[in-house]
Structure formats: C-alpha cells, structure tokens
Amino acid sequence: MEKITSKANDRIKFAVKIRESSSLRKQENLFFAEGARLCFDAASSGVIIAEMYVTEKALNKYADYVRLVEEKAERCFVVSEEVAEKLSDTKNSQGVFCLCKMLDKSTNIGKIKYNGKYIALESVSNPANFGAVVRTAEAVGLDGVIVSGGCDIYNPKSQRAAMGSLFRLNVVESENLPETLKALAENGMSVLAGVPDSNAEKITEVDMNGGVVAVIGNEGNGITEETCAVATKLVTIPMKGRAESLNAAAAASIIIWEMMR
C-alpha cells in the first residue's frame with residue numbers, strides 16, 4: 001500500500017471535503033465512511049470502494065474487517081495517526097476510512113413491492129433520527145424506506161446511526177413525496193400519515209393487510225398538508241402522558257412494529 005503521512009496531502013484534503021460537504025458528495029457521486037465495521041459492511045454489501053485509508057494499528061487490530069475492504073478497494077493507503085485524526089469525524093477513531101461510490105437511490109416505483117411494507121420520511125432533518133429509522137426498519141423486516149427531503153442520507157452521522165443498514169435495505173429517494181405516494185395508492189397500497197391528532201385512527205387498530213406505506217414527518221412541522229391530502233388514512237399513536245408528540249425516530253419505530261406485528 002502507498003503511505004500518506006502529511007495532513008496536507010491533496011487526497012486527504014479531498015476526503016475531508018467529501019466528509020463535510022453534501023453538495024460535493026452529490027457532485028462527485030462519492031461519500032465518506034468511517035469505522036472498521038461500517039467500511040466492512042459497505043464492501044460486503046456491494047458498495048464500490050474507491051479508496052481506503054487505514055492506519056498500521058488498524059491493519060492489525062481489525063484485520064478481518066480490513067482484509068475484505070482492501071480486496072474490494074480500487075486504491076488503498078496506509079496513513080499516519082496524525083492523518084487519521086484529520087480524517088476522523090469521531091472522538092475515538094478506529095483508523096479505517098473509505099471513499100465510496102454512491103448507490104442508486106433515485107425514485108423508481110418499480111423498486112417498490114406493492115404488497116410490501118414501507119416507512120416514508122418527509123423532511124426528517126436529524127441524521128441520527130434518519131439512521132435510527134433505517135436501522136429499525138431493517139431489523140424488524142420492513143421492505144424499505146422512502147426518503148423525501150431532510151438530511152443527506154450519506155451524512156456520516158446518518159451512516160453511523162444506520163449501522164450499515166443503509167447499504168442493505170431498499171432506501172429510495174423521492175423528489176416529490178405526494179406524487180410518489182399517489183402512485184403507490186393507485187397501485188393498491190394503503191398510505192398512512194402519522195399525526196399527533198387524537199381524532200385520527202389509533203395505529204393499534206389499523207388493518208395492516210396488503211401493501212402499506214406509513215409516513216413520518218419533520219421533527220418540528222410534521223407531515224405537510226399536500227402529503228396528508230393523498231394519504232388514505234390519518235393515524236396516531238395513543239399517548240397517555242402529557243407529552244404532545246414523540247421523537248420522529250421513536251414514532252417511526254412504534255409504527256414499524258405495528259406494521260409488522
């Protein structure tokens with residue numbers, strides 16, 4: 001492997017820019033992954049690894065993970081601890097980093113099974129919430145996640161919270177969620193809009209047979225009127241406490257569980 005010992009190296013500066021800039025990620029069709037397990041998950045899930053950066057210490061400590069990533073990567077570099085510190089977005093870096101080529105997450109109704117179960121996220125802005133929902137969706141067995149607006153799905157915080165689920169689960173990006181949901185409803189799917197409204201149908205009483213897509217809205221503003229208008233049903237999570245609403249990830253987890261129960 002080639003060695004990089006300077007933090008001023010052009011490749012290192014470019015990798016950091018990819019890590020920090022959503023617009024540059026889109027422009028270059030690349031995203032930044034950090035951590036032995038996350039990089040391993042990317043490589044083992046078929047993500048194209050453009051470059052891997054790894055410290056000598058990590059080569060030994062995480063040998064099983066790094067070996068596969070090295071085999072899949074187009075180029076590999078051994079970096080100094082100082083360079084690893086520059087690359088890292090975490091407090092306790094494992095010393096394993098990758099530049100990866102983005103997956104095709106564009107809207108394609110053909111990717112969605114009309115008899116499947118999906119969660120749709122409308123303008124969810126917190127990357128930790130997004131990642132947690134994707135991780136929960138995969139763990140419980142959902143068919144996929146539809147994303148419209150909100151945080152960049154390739155944000156490093158999103159990836160860490162998703163714990164590799166982003167690479168394995170069918171995550172589809174929609175530029176116009178109401179239109180996407182309308183098309184799914186026309187193909188027989190039930191579209192549920194989750195709202196903090198006691199007059200809406202309780203999620204525990206909803207018929208989940210057949211294809212279902214449930215929508216979770218923005219943390220502060222909820223679901224837009226346009227999206228609610230195309231929903232086949234407004235649903236709510238019964239709450240006995242004094243809190244007016246739930247965290248987006250918590251609400252999504254409860255709805256996902258009810259969809260798959």
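## Salt bridges

The structure, a predicted model, holds 15 salt bridges. Here a salt bridge is a side-chain nitrogen of Lys or Arg within 4 Å of a carboxyl oxygen of Asp or Glu. Side chains of opposite charge can pair when their charged atoms come close. Take Arg75 and Glu2: their closest N and O atoms are 2.5 Å apart. Arg75 sits in strand S4 (residues 75-79) and Glu2 in strand S1 (residues 2-4), so this pair ties together parts that are 73 residues apart in sequence. Helices (H or I, at least four residues) and strands (E, at least two) are DSSP runs, numbered from the N terminus. Arg75 has 31% relative accessibility and counts as partly exposed; Glu2, at 42%, is also partly exposed. As for the cut-offs, buried means under 20% relative accessible area, exposed means over 50%, and partly exposed is in between (1.4 Å probe, protein chains only).

Arg160 and Asp89 make another salt bridge, at 3.3 Å from N to O. This pair links distant parts of the chain, with Arg160 in helix H8 and Asp89 in the loop between helix H6 (81-87) and strand S5 (96-101), 71 residues apart. Arg160 is partly exposed, at 28% relative accessible area, and Asp89 is partly exposed too, at 29%. Elsewhere, salt bridges that share partners join Arg37, Asp41, Glu138 and Arg168 into one network. Asp41 counts as buried, with 4% relative accessibility, whereas Arg168 is partly exposed at 40%.

## How to read the model

Residues are numbered from 1 along each chain as its sequence is written. Since this is a predicted model, local features need pLDDT of at least 70, side-chain atom pairs count only at pLDDT 80 or more, and totals for chains, interfaces and linings use all residues, while side-chain values use heavy atoms, with hydrogens and water left out.

The largest pocket holds about 410 Å³ of space. On a 1 Å grid over the protein atoms alone, a pocket is an open set of points where a 1.4 Å probe fits, with protein on both sides within 12 Å along at least five of seven lines; lining residues have an atom within 4 Å of a point. Grid points are joined across faces, edges and corners, and a volume is the space filled by probe spheres set on the points. The lining has 22 residues, and Gly194, Val195, Pro196, Ser245 and Leu246 lie nearest the centre. Strand S12 (233-236) and helix H12 (248-260) each supply at least two lining residues, with H12 giving the largest share, three residues. By class, the lining has twelve nonpolar, nine polar and one charged residues. In this scheme Ala, Val, Leu, Ile, Met, Phe, Trp, Tyr, Cys and Pro count as nonpolar, Asp, Glu, Lys and Arg as charged, and the others, Gly among them, as polar.

The second largest pocket holds about 290 Å³. Of its 16 lining residues, Lys26, Asp152, Ile153, Tyr154 and Glu173 are the closest to the centre. Helix H2 (22-28) and strand S7 (144-148) each supply at least two residues of this lining. Six nonpolar, six polar and four charged residues make it up.

## Loops with a positive phi

Most residues other than glycine have a negative phi. Ser123 has a positive one, near 55 degrees, and lies in the loop between strand S6 (117-122) and helix H7 (127-140). Ser123 is partly exposed, with a relative accessible area of 29%.

Phi of Met163 is likewise positive, near 55 degrees. Met163 is in the loop between helix H8 (156-162) and helix H9 (165-168), and is partly exposed at 44%.

## Far in sequence

Lys13, in helix H1 (residues 10-20), has its C-alpha 8.5 Å from that of Leu87, 74 residues apart along the chain. Asn29 sits in the loop between H2 and strand S2 (30-34). The C-alpha atoms of Asn29 and Cys100, 71 residues apart along the chain, are separated by 8.5 Å.
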